[in-house]
Amino acid sequence: MEQETEKTNERTGYLDALRAVSICAVILVHLSATGYQIAPEGSAARAICWCYDLLSRFAVPVFVMISGAIFLNTERTVTFKTLLRRHIPRLLLTFLLWSMGFALLQSAGEQPLFSAAYWLSVLRKTVTGHYHMWYLYMIMGLYLAAPFLRPLAANEKLLKQFILISFLLGSVPQLLYLIPAAGAVVREVVEKADISFFAGYAGYFCLGYYLHSAQISKRSVAALAALAAVLMTAMAVLGVQAGLTEPLLQEKMPHIFVYSAAVFLTFKEYAGRIRRSAALHKLIEKLAFCSLGMYLVHPAVNFILRAFGLYALTFPPLLCIPFCGVLVFVISFAIAALMKKCPLLKRLV
């Protein structure tokens, strides 16, 4: 999502297309999650919102994979010096200013305006960030880890082993929540094993580079896409029957891993082969260029639309969620594109 791209003559169009579709999926995640939380328990509307949420869960993994495809590229020079002088300061400033903006607005509705409690609330919320700002914390951590992961990426055998271990260990804690018999004891053992380095998003970061650089046959891509379709259908059915359980929505679950990899490879295989007009090609590039700004601003757009009574459950969610998604997408894109034209703001979106 952060707007670092490969050199112009190496630019790969499918990464731009992935950015565009992934920011759309992020918007759908947040719209459907809101509907899921407020819909009556056991209702069809709640189940529909949950299924939209599930099917949009490739968004963050794919964004992380795009960053991995770029920052682990062995033909690039990525050092702590470049990270600390260029990438991290920009992301940190972006985080602080946007987080402060959301904190000022949120605190105004919770504390007496300009009181000591108000400013303490602003400070706390600025540091912790609005609910969607966690992504910037996470991606800054991965950027700092990139110099350590790059030698790993240069060794294909070790890279594949790391990816496999990451997703095996990452899925274990999530799977245990689906098995009551596993109990608190087993979960405590997993937590004490301190597998966070393997169980975090580093696996997706490395997977993005591997899938980007590897030569994978059409048959393998088709087989992975078919497996992802079967798994996601099964999880949707299981989720509805099991009471829309939260662990099935976690990005570190095996079905989300397969699904995200399938989306990435499908775009790699086919997005560049679709005949596009110059106008469409330019639009996709513009959407990719504005994806960070769209990510940052879309919760505010959601809030404003909901204040006017428009949200996931305004009318039946099967149609309302995509309708609201398109509306939020267009408005967020317009705002981000305008901010990109402002010299003082363009580096913050």
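Which helices each supply at least two residues of the lining of the largest pocket? In this predicted model, they are helix H1 (13–38), helix H3 (59–71), H4 and helix H14 (291–307).

**The largest pocket**

- The volume of the largest pocket comes to about 1000 Å³.
- Its lining is made of 40 residues, and those closest to the pocket centre are His 130, Tyr 131, Pro 299, Ala 300 and Asn 302.
- H1 gives the largest share of this lining, with nine residues.
- By residue class, the lining of the largest pocket holds 26 nonpolar, nine polar and five charged residues.

**The second largest pocket**

- For the second largest pocket, the volume is about 260 Å³.
- Here 15 residues form the lining, and Ile 163, Leu 164, Phe 167, Leu 207 and Phe 257 are the closest to the centre.
- Two or more lining residues come from each of helix H7 (156–176), helix H10 (202–213) and helix H12 (254–270).
- With six residues, H7 makes the largest contribution to the lining of the second largest pocket.
- Sorted by class, this lining has 13 nonpolar residues, one polar residue and one charged residue.

**The nonpolar surface patch**

- Two helices, H4 (80–108) and H6 (134–153), each provide at least two residues of the patch.
- H4 therefore has a part in two of the features on this tour, since H4 supplies at least two residues to the patch and at least two to the lining of the largest pocket, while patch members have over 30% relative accessible area.
- Phe 148 counts as exposed because its relative accessible area is 61%, and the cut-off for exposed is over 50%.

**A buried arginine**

- Arg 46 belongs to helix H2 (residues 44–55).
- Is Arg 46 buried or exposed? Arg 46 is buried, because its relative accessible area of 15% falls under the 20% cut-off.
- Arg 46 and Ser 32 are 14 residues apart along the chain, and their C-alpha atoms are separated by 9.0 Å.

Conventions
Residues are numbered from 1 along each chain as its sequence is written. This is a predicted model: local features need pLDDT of at least 70, side-chain atom pairs count only at pLDDT 80 or more; totals for chains, interfaces and linings use all residues. Side-chain values use heavy atoms; hydrogens and water are left out. Helices (H or I, at least four residues) and strands (E, at least two) are DSSP runs, numbered from the N terminus. Buried means under 20% relative accessible area, exposed over 50%, partly exposed in between (1.4 Å probe, protein chains only). On a 1 Å grid over the protein atoms alone, a cavity is a set of points where a 1.4 Å probe fits but cannot get out, and a pocket is an open set with protein on both sides within 12 Å along at least five of seven lines; lining residues have an atom within 4 Å of a point. Grid points are joined across faces, edges and corners, and a volume is the space filled by probe spheres set on the points. Ala, Val, Leu, Ile, Met, Phe, Trp, Tyr, Cys and Pro count as nonpolar, Asp, Glu, Lys and Arg as charged, and the others, Gly among them, as polar.
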